[in-house]
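Dear colleague,

Please find below the structure that I am handing over to you. I would be grateful if you could read the notes with the model open beside them.

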Amino acid sequence: MLSGLFNYDNPIWRFIGKFWDLLIVHILWFICCIPIITVGASTTALYYVTLRLVRDDDGYTIRSFFKSFKENFKQATGIWMIFLVTGLILGFDLYFMATVFTTPSVWRTALVTIFLAMLVIWTAMITYVFPLQSRFYNTVKKTIFNAFFMSIRHIFHTIGMVAIDVGLIFLTLTLIPQLMLFGFALIAFINSYFLEAVFKKYIPKDEREDDGELRPLFEDEDTGSFGQIGTENSVWSTSSSSKKDRDELVNNRGEEKAENQPPAEG
C-alpha cells in the first residue's frame, strides 16, 4: 500500500505534479508577458504546455514552454497585435458611447449593440486563436479564420469556457485570492479540456491512436484524395462523410509536426 502511495505514477502524485507545472508555467507566462508585445507568444507557449498536460503528455515544462515561444514568436506576435489593436478600438468606442455620446437615441442604441456584439465575437475568437496557434500550423489569416469558425461552430464549448473564465476571475478577486498563485495558467488549463475535445474532431482518429504524434497531412478515409484550403501545409478533406467532423484541418505544430513528414502526393 505504501509503495503504491509513493509511486509517482499514482493519480494523486500526477495531480499534484500538474499543479506544480501550472505554478511554474504561470511564472514563465507572467515574466514573458511583461514587454506586452510578447503576450501572444507567451500565451501560445502557455497553451502548448497546458494542452500537453491535458493529454497526459508529460515532458519538460520549461523546455516545452520556451520551445513553443521561440517557434511561434513571429506569427503569435502578429496575431496578438491584430487582436490588441481591434480590442483597443472596440474598448474606446464603448467608452465613448458610455461617457461622451450619452444622449438617448436610436443610433446610439444601435451602435452600442453592434459594438457589444463585436466585443463578444472578439472574446470568443481570442479564446481559440492562441491555442490553435500552439497546436496547428497555418498562416495568420487562416488561423484567425479558424478561430472564428470554431468559436461559432462549437458555441457551447465557447460559452462554457468564457463562463468558467469569468467565474474563476470573480472567485480570485473576491473569495479565493490564493488562486492568483496559478493565475492565467489555471484558466488555460481548464480551457484546454474543452479545446482538446474540439481539436480532436479535426484530427484523424487513426493518427490520434497511433503514437501520439500528428501527421502534417492525412489521406482521405474514403477517396484517398487531398484537398488544399489555402496554404501549402493546410489540408481539407473532401470526403462528404468527414466534412461533418473536419471542415478545416491544419498541420500540427512544434514537436508533433517535426517528427513526421508529409506523405508523397500521388
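This is a predicted model: local features need pLDDT of at least 70, side-chain atom pairs count only at pLDDT 80 or more; totals for chains, interfaces and linings use all residues.

Residues are numbered from 1 along each chain as its sequence is written, and side-chain values use heavy atoms, with hydrogens and water left out.

Overall make-up

The chain has 11 helices and three strands. Helices here are DSSP runs of H or I with at least four residues, strands are runs of E with at least two, and both are numbered from the N terminus. Read from the N terminus, the order of elements is α-α-α-α-α-β-α-α-α-α-β-α-β-α. Of the 266 residues, 43% count as buried; buried means under 20% relative accessible area, exposed means over 50%, and partly exposed lies in between, with a 1.4 Å probe and protein chains only.

Helix packing

Two packed helices are described by the angle between their axes and the distance between the axes. The axes are lines fitted to C-alpha atoms, for helices over the stretch in contact, and the angles run from 0 to 180 degrees between N-to-C directions. Angles under 35 degrees count as roughly parallel, over 145 as roughly antiparallel, 65 to 115 as roughly perpendicular, and the rest as oblique. A crossing is left-handed if the near helix is turned anticlockwise from the far one by less than a right angle, and right-handed if clockwise.

Helix 4 (residues 61-99) and helix 5 (residues 106-135) have axes that come within 10 Å and cross at roughly 160°. Helix 4 is therefore roughly antiparallel to helix 5. Their crossing is left-handed, and the residues of this contact comprise 19 nonpolar, five polar and two charged. In this classification Ala, Val, Leu, Ile, Met, Phe, Trp, Tyr, Cys and Pro are nonpolar, Asp, Glu, Lys and Arg are charged, and the others, Gly among them, are polar. Met 118 belongs to helix 5 and is partly exposed, with a relative accessible area of 42%. Met 118 and Leu 90 are 28 residues apart in sequence, and their C-alpha atoms are 7.7 Å apart in space.

Helix 4 also packs with helix 6 (residues 140-153), at an angle of about 55° and with the axes 10 Å apart. These two helices are therefore oblique to each other, and their crossing is right-handed. Gln 75 lies in helix 4 and counts as buried at 16% relative accessibility. The C-alpha atoms of Gln 75 and Thr 143 are separated by 9.8 Å, although the two residues are 68 apart along the chain.

For helix 3 and helix 5, the axes come within 8 Å and cross at roughly 70°. The two helices are therefore roughly perpendicular to each other, with a right-handed crossing.

The largest pocket

The largest pocket holds about 380 Å³ of space. On a 1 Å grid over the protein atoms alone, a pocket is an open set of points with protein on both sides within 12 Å along at least five of seven lines, and lining residues have an atom within 4 Å of a point. Grid points are joined across faces, edges and corners, and the volume is the space filled by probe spheres set on the points.

The lining has 18 residues, of which Ile 126, Thr 127, Asp 165, Phe 184 and Ile 187 lie nearest the centre of the pocket. Helix 3 (39-54), helix 5, helix 7 (155-174) and helix 8 (183-199) are the elements that give two or more residues to this lining. Helix 5 gives the most, with six residues. By class, the lining divides into 13 nonpolar, four polar and one charged.

Asp 165 is found in helix 7 and counts as buried at 13% relative accessibility. Asp 165 and Ile 187 are 22 residues apart in sequence and 6.0 Å apart in space, C-alpha to C-alpha.

Two further residues

Val 49, in helix 3, is buried, with a relative accessible area of 4%. Val 49 and Ala 185 are 136 residues apart in sequence, with 9.5 Å between their C-alpha atoms.

Ile 36 lies in the loop between helix 2 (11-33) and helix 3. Ile 36 has a positive phi of about 70° although it is not a glycine, and is partly exposed, with a relative accessible area of 49%.

With kind regards

Technical notes. On a 1 Å grid over the protein atoms alone, a cavity is a set of points where a 1.4 Å probe fits but cannot get out, and a pocket is an open set with protein on both sides within 12 Å along at least five of seven lines; lining residues have an atom within 4 Å of a point.
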